[in-house]
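Thanks for coming, everyone. Please have a look at the sequence and the model on the screen, and then we will walk through it.

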Amino acid sequence: MSAKQPLCTAPEGSGTLDTLLCEERVFRPMPRIVAEANMNPQDVAIARARAESDWLGFWEEAAEELSWFRKWDAVLDDSAAPFYRWFAGARCNIVYNALDRHIETANKNKLALIWEGEPGDTRKLTYYELYREVNKAANALRAAGIGKGDRVLIHMPPLPETVIAMLAAAKIGAVHSVVFGGFSARSLRDRINDATPAAIITADGFYRNGRVITLKGTVDAAVAKCSGAAAAVLKKVVVVHRVLVETAMKEDRDVWYHDFVRDQPDEAFTESLDAAHPLFILYTSGTTGAPKGIVHAHGGYMVGVNRTLDWVFDLKPTDIFWCTADPAWITGHSYVVYGPLMAGTTTLLYEGHPLYPEAGRAWSVVQRWGVTVLYTVPTLIRMLMRFGRQNPDRHTLGTLRLLGTVGEPISPEAWTWFHKHIGRSRCPVLDTWWQTETGMFMISPLPVSLLKPGSVTRPLPGVEVDVVDESGAPVPHGQGGYLVIKKPWPAMLTTIFNDPEAYRRLYWERFPGWYFSGDVARKDEDGYLWIQGRADDVMLIAGHRIGTAELEAALASHPAVAECAIVGVPDEIRGEVAKAFVVLHDDQPPVATMMMTGETDQDLIEHARRELGPVAVIREVEFRSALPKNKNGKIMRRLLRAESTGQSTGDLSTLSTDI
Ligand code: ATP
Ligand code: MG
């Protein structure tokens with residue numbers, strides 16, 4: 001890394017954040033990428049100008065790319081803001097766009113879904129096959145008395161039936177809620193109580209890390225303890241047969257999936273729904289507190305997801321798109337299932353652990369299926385970095401043309417490793433910032449953008465974000481502040497399920513009229529955005545407000561560090577000081593030597609200070625073999641902070657024991 005100069009420090013109490021990191025590397029788009037891109041730099045400039053001059057017209061054009069049963073009376077109805085209604089008066093169904101319309105085109109016999117199980121078994125479904133499977137499941141749900149507005153909870157591993165169940169529910173106007181297969185009975189019960197589903201679709205079990213994990217028992221335990229209201233609504237538990245285990249079935253309530261769909265016709269009508277009709281409830285990943293039941297609606301969501309996937313991942317008919325997210329997360333909803341299917345591309349779904357049976361599994365998946373676009377999370381990149389470059393080097397990764405990441409700030413170190421060793425310095429790394437709540441990419445480079453490792457670059461055309469201080473005033477370039485979204489966007493959440501007041505309070509109250517993201521960021525002199533961390537995790541060290549991401553990125557640039565997290569702990573003199581939790585690379589001999597001499601922590605503290613300047617006071621370094629993460633791999637700093645300060649650890653329902 002190049003030598004760092006601390007950039008600017010904000011006046012005390014100004015509500016802005018100090019900027020520490022100064023990453024100077026830039027990556028210009030290669031001519032081949034520019035020549036092939038759907039959106040070349042001129043197109044991007046035109047789109048930005050269009051979005052600025054006629055913002056609603058701009059999103060209306062995006063909506064025209066999809067099929068509707070009835071067009072809208074208004075692109076945006078803001079009469080009940082912040083309960084915005086996109087495409088008011090329109091009627092549609094996202095499944096019509098994701099499946100039905102392809103059956104009339106050359107996509108009919110194209111592969112929609114490639115699935116690979118952890119043991120190595122595979123399944124492939126064309127659009128026509130997926131369409132017929134979805135129709136059968138939709139008919140079965142209807143035959144069981146489930147319909148428009150009912151909730152269908154899907155507690156599944158990543159299987160083709162997970163995708164089929166989501167689409168079948170949406171097709172009949174039911175509202176799906178996918179709950180991660182790795183959650184405990186207690187977490188599942190809380191979500192059942194909140195969503196009160198009419199049906200639960202699950203599996204007998206699945207393969208993870210070479211073991212069979214049973215699942216149906218978790219559903220039984222959750223249902224046995226759920227509220228009377230939830231029990232009264234539940235009609236059916238449908239069980240996919242995936243593994244060989246004894247599975248208890250309750251008469252009248254439980255049914256095997258293959259029996260459930262067996263005699264159903266493979267044509268089913270697609271419900272015509274109001275654009276504002278809810279498509280799904282999805283609980284946030286619980287990094288900062290108890291998960292929230294985020295609601296998305298058919299119309300706006302399909303427009304936002306469709307447009308942003310096309311821009312960012314520049315889809316071509318020949319693409320094999322692998323987004324490694326579990327369908328149970330928003331990334332899985334938008335960019336494993338709905339986005340790629342609306343685009344008519346081939347989406348890849350992998351069931352198991354990315355390191356099973358060996359650390360090269362992910363790369364063998366890329367090679368086996370000829371993956372062209374790989375979209376993943378920093379935690380997996382860090383995990384794979386620990387195994388060194390020899391793993392990817394053993395595989396042919398030449399089909400890859402674009403890489404992407406999401407979910408956490410990616411350190412410049414991890415970014416450049418991904419770029420060099422996976423992308424072989426040919427593939428842009430697209431760092432996409434968005435949330436369960438936003439439904440679609442909000443801030444992201446396009447393949448033709450100039451890239452700076454660690455920066456999410458600029459908002460997409462039609463998306464207006466800013467970085468502001470406590471009072472809502474934009475902070476000068478170079479300083480950090482709160483990331484807000486100043487205008488509604490099509491794929492925005494419509495509410496929090498059962499709690500519209502919380503929707504208003506959590507997102508729209510802090511800066512009236514703007515959406516508060518809960519993240520802190522800074523804009524550099526080129527207008528590029530750098531996510532500095534969560535607002536909840538900001539530290540106040542000797543009057544300097546400091547986000548976690550930059551300190552962590554500085555530590556991560558030390559060759560001995562595999563992964564790290566920074567939290568603030570109270571200090572009598574400075575108010576707060578930074579404490580680092582560090583996981584060291586286990587394959588580096590110098591580390592063992594440093595550990596023996598007790599020099600590692602001083603070495604790390606000095607390294608951070610050299611990188612960032614004297615504001616970066618790390619008081620203490622604690623070595624760990626792993627960091628606490630939530631189920632989708634995000635570091636839970638609030639837990640480390642609670643441990644260090646003796647506070648209560650709060651909601652732990654999403655804590656992972658897996659990674
Ligand atoms: P909860 O809201 O329950 O605490 P969560 O915020 O982790 O959970 P998600 O909606 O899955 O739930 O994650 C969105 C958050 O992930 C963002 O607010 C941001 O903090 C982080 N994030 C997403 N993408 C990026 C990115 N590219 N760079 C940095 N951070 C990111
Ligand atoms: Mg969040």
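Let me start with a question: how far is a nitrogen atom of ligand 1 from a polar backbone atom of P409? The distance is 3.5 Å. Keep in mind that this is a predicted model.

Let's stay with the ligand. Ligand 1 has 22 residues around it. T284, T287, T288, T436 and K634 come nearest. Now two side chains. In S285, a side-chain N or O atom sits 2.7 Å from an oxygen atom of ligand 1. In D519, a polar side-chain atom is 2.9 Å from an oxygen atom of the ligand. How much of ligand 1 does the protein cover? On its own, the ligand has 640 Å² of accessible area, and the protein covers 95% of that.

Next, the sheet. A quick reminder: strands in a sheet pair through backbone hydrogen bonds, parallel or antiparallel. Here, seven strands make an open sheet with mixed pairing. The order is β5-β4-β17-β16-β18-β19-β20. The edges are β5, residues 122-126, and β20, residues 429-431; each pairs on one side only. From one strand to the next, the twist averages 20°.

Zoom in on β4, residues 111-116, and β17, residues 346-350. They run parallel, joined by four bridges. E116 has Y350 in β17 as its bridge partner. Helix α6, residues 160-171, packs on this sheet. The helix touches β4, β5 and β17, and its direction makes about 35° with that of β5.

Last, an annotation. An unreviewed UniProt entry lists residues 48-98 as "domain: Acetyl-coenzyme A synthetase N-terminal". In the model, that span is 41% helix and 20% strand. Its end C-alpha atoms lie 27 Å apart.

Methods:
Residues numbered from 1 in each chain as written. Chains lettered and ligands numbered in written order. Predicted model: local features only at pLDDT ≥ 70, side-chain atom pairs only at ≥ 80, totals over all residues. Heavy atoms only, no water. UniProt positions renumbered as here; feature names shortened; annotations may be inferred. Helix = DSSP H or I, 4+ residues; strand = E, 2+ residues; numbered from the N terminus. Pairing = 2+ DSSP bridges. Axes fitted to C-alpha atoms, helices over the stretch in contact; angles between N-to-C directions. Contact = heavy atoms within 4.5 Å. Near = heavy atom within 4 Å. Polar contact = N/O pair within 3.5 Å; in protein donor to acceptor, adjacent residues only side chain to side chain. Areas by Shrake-Rupley, 256 points an atom, 1.4 Å probe, with all protein chains shown as cover.
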